[in-house]
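Please read them with the coordinates open.

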Amino acid sequence: MDSAIAQKTWELENNILTVETPDPSSDSIFYYDETAQAKFQQEKPWANDPHYFKRVKISALALLKMVVHARSGGTIEVMGLMQGKTDGDAIIVMDAFALPVEGTETRVNAQADAYEYMVDYSQTNKQAGRLENVVGWYHSHPGYGCWLSGIDVSTQMLNQQFQEPFLAVVIDPTRTVSAGKVEIGAFRTYPEGHKPVDDPISEYQTIPLNKIEDFGVHCKQYYALDITYFKSSLDCHLLDLLWNKYWVNTLSSSPLLGNGDYVAGQISDLAEKLEQAENQLAHSRISPLGPSRKKEESQLAKITRDSAKITVEQVHGLMSQVIKDILFNSVRQSNRSPNEQSGPEPMVEA
Amino acid sequence: MASSSSSGLTFKLHPLVIVNISDHYTRVKSQMNPPPLTSTSTTVNGVEPLQQAPRVYGCVIGVQRGRTVEIFNSFELLYDPSTHSLDRPFLEKKQELYKKVFPHFYILGWYSTGSDAQESDMHIHKALMDINESPLYVLLNPTINPAQKDLPVTIYESELHVIDGIPQLIFVRSSYTIETVEAERISVDHVAHLKPSDGGSAATQLAAHLTGIHSAIKMLNSRIRVLHHYLVGMQKGDVPCENSLLRQVSSLLRRLPAIESEKFQDDFLMEYNDTLLITYLAMFTNCSSTMNELVDKFNTAYDRHSRRGGRTAFI
């Protein structure tokens, strides 16, 4: 009984919404109503309110495709388009497809290269029964977080002028693998010169030093939307059954091995930030207490938070390794004398 | 029609393909059966609206390395009911498009939905043989059966068998494993269990991570129990003795312990120490940050510059 109470408490603390298992009648989200969409397109309710769209619903298929594509690019940024529809103040992403463009620093308008591909693909898709229109674009930021760079912001502003409704999604496949949860963000830009009324506190994420300027300059020009996911009843059923074959992969995954490079990079980046913070501290010792002191302090606090995050991920990885060692290797202990130590000591929770 | 395959190829299926096929089917089905405009219309007559179960067709692509065939992705195809074949120019167009984005993938076969392989499918299968000499046929059964424990996906290969003196191609079932990359696994996990996506406290992250491992170990435990139960039955004599199974179980057990070398122990401890070192560093950073804050707060509270040697009542 205790475990049930513990679970309920945990769910309450984390605002877990129990998603009802979708039954076949609720697969209506998959139905594409051409006339309703055309009508919505005519009305353009977003033209008056830059903050009109607040939520994004991504289908299981779209998420899977985007993450796999982003990961397959390795350290190169990749991009693609998303297809879907709108529903009140939510944008629904049903599917995604990759574009054959390589990300470079100076790419401003990648869609120009890929227009032919996009037109071809959309046509063939419509024939095959995928009726939705392109409703956004996604790209990856391997290793440096989910935010819009200066180039991304200008691209998105252009899109929002001519191709409304349009959404920008950023995925970080490296952090996804390292943290064990999907790193994804959905954004819309404000039109030129618009000042947001209130500044919503977005979730903190660490940005590497070489990108932090780009982030800071533009971070006020766009806002993030809430992301939820949905899947069909058949998807639900299949995913449940998939677990029967899948648990092997969960047990055999070794995050410590896979993420070694990334973690090393993060730590060296953190070291640089620490040096910067130290220099600032040395300079401001003589100056009177003022806002500058506060700013430097919060930098140190940020560094602390980042280091805690890296450590937690490492500890998780190590825990998996220790558990696997105990499970599969401790057989040899029975052969040795019982006076010997039985493997590494249990870790104290940080 | 479905005996076990003897071609010796091992098949690996990625979950993306399964979700792709399922989505294709759901999409087509829901376009054919538009949802009722009002919520009461389904119950008014007391009769369920006719749910047609369409068959969808598509192509699977992936890589073949030696004897291993790995199916990575799939896309939809058009079926021409008049000629009972797939639309060829459409297939070629799509193949071109996909080649641009995934240059390493080749067409490995085709897929369809349904409960069992049918005679007419052989027609389509033969048509694909000029692209790939031995194409695969992936069949997904879309009927949701809650009692089912196994994934309703079967992979068929075609083999030339001599039946009644005539060499014929028939479908034979092949076994497959589910293969995945780390990123795919995480996103499937995410969607399947809808775990909390935001940071949460360290405790919830830890709980989520350990829950995942716990479920996997529970599965392992239940599978071992099944084996154990079976072996006990064999020992008692309830179940006839099967030597091949006994050999398999024995070889499985002999694989434990998994690794036992000195070098492994060294590397393991080194990794362990590295993680402890990182924890130590993080603790240091945390401590120095807290100290810094303390010093600042102290300086703010007991401001020495304003009065000599005294304390101010700081408000």
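Predicted model: local features only at pLDDT ≥ 70, side-chain atom pairs only at ≥ 80, totals over all residues.

1. Cys241(B), at 59% relative accessibility, counts as exposed, since exposed means over 50%.

2. How much area is buried between chain A and chain B? The value is about 9,200 Å², with carbon and sulfur atoms giving 70% of it. In chain A, the residues that lose the most area to chain B are Leu64(A), Tyr246(A) and Trp247(A); together they make up 7% of what that side buries.

3. In terms of contacts, 92 residues of chain A meet 89 residues of chain B. The rule finds six residue pairs in polar contact across this interface, with both residues at pLDDT 80 or more. The side of chain A that touches chain B is made up of 51 nonpolar, 24 polar and 17 charged residues.

4. How many salt bridges does the rule find across the interface of chain A and chain B? There is one. Asp120(A) forms a salt bridge with Lys93(B), and the closest N and O atoms are 3.0 Å apart.

5. As to which elements of chain A face chain B, those giving two or more residues are α3 (60–72), α4 (110–127), α6 (173–179), α8 (233–252), α9 (255–258), α10 (260–283) and α11 (291–329). The largest share of that side comes from α11(A), with 23 residues.

6. A separate point concerns Ser174(B), which is found in strand β9 (residues 166–174) of chain B. Is Ser174(B) buried or exposed? Its relative accessibility is 10%, so Ser174(B) counts as buried. The side chain of Ser174(B) makes a polar contact of 3.3 Å with the side chain of Glu157(B). Ser174(B) and Thr10(B) are 164 residues apart along the chain, yet their C-alpha atoms are separated by 8.4 Å.

7. Ser174(B) and Glu157(B), joined by a polar contact between their side chains, could follow.

Definitions and conventions
Residues numbered from 1 in each chain as written. Chains lettered and ligands numbered in written order. Heavy atoms only, no water. Buried < 20%, exposed > 50% of the residue type's maximum accessible area, 1.4 Å probe, protein only. Contact = heavy atoms within 4.5 Å. Buried area = accessible area lost by both parts, 1.4 Å probe. Salt bridge = Lys/Arg side-chain N within 4 Å of Asp/Glu carboxyl O. Polar contact = N/O pair within 3.5 Å; in protein donor to acceptor, adjacent residues only side chain to side chain. Helix = DSSP H or I, 4+ residues; strand = E, 2+ residues; numbered from the N terminus. Nonpolar A, V, L, I, M, F, W, Y, C, P; charged D, E, K, R; others polar.
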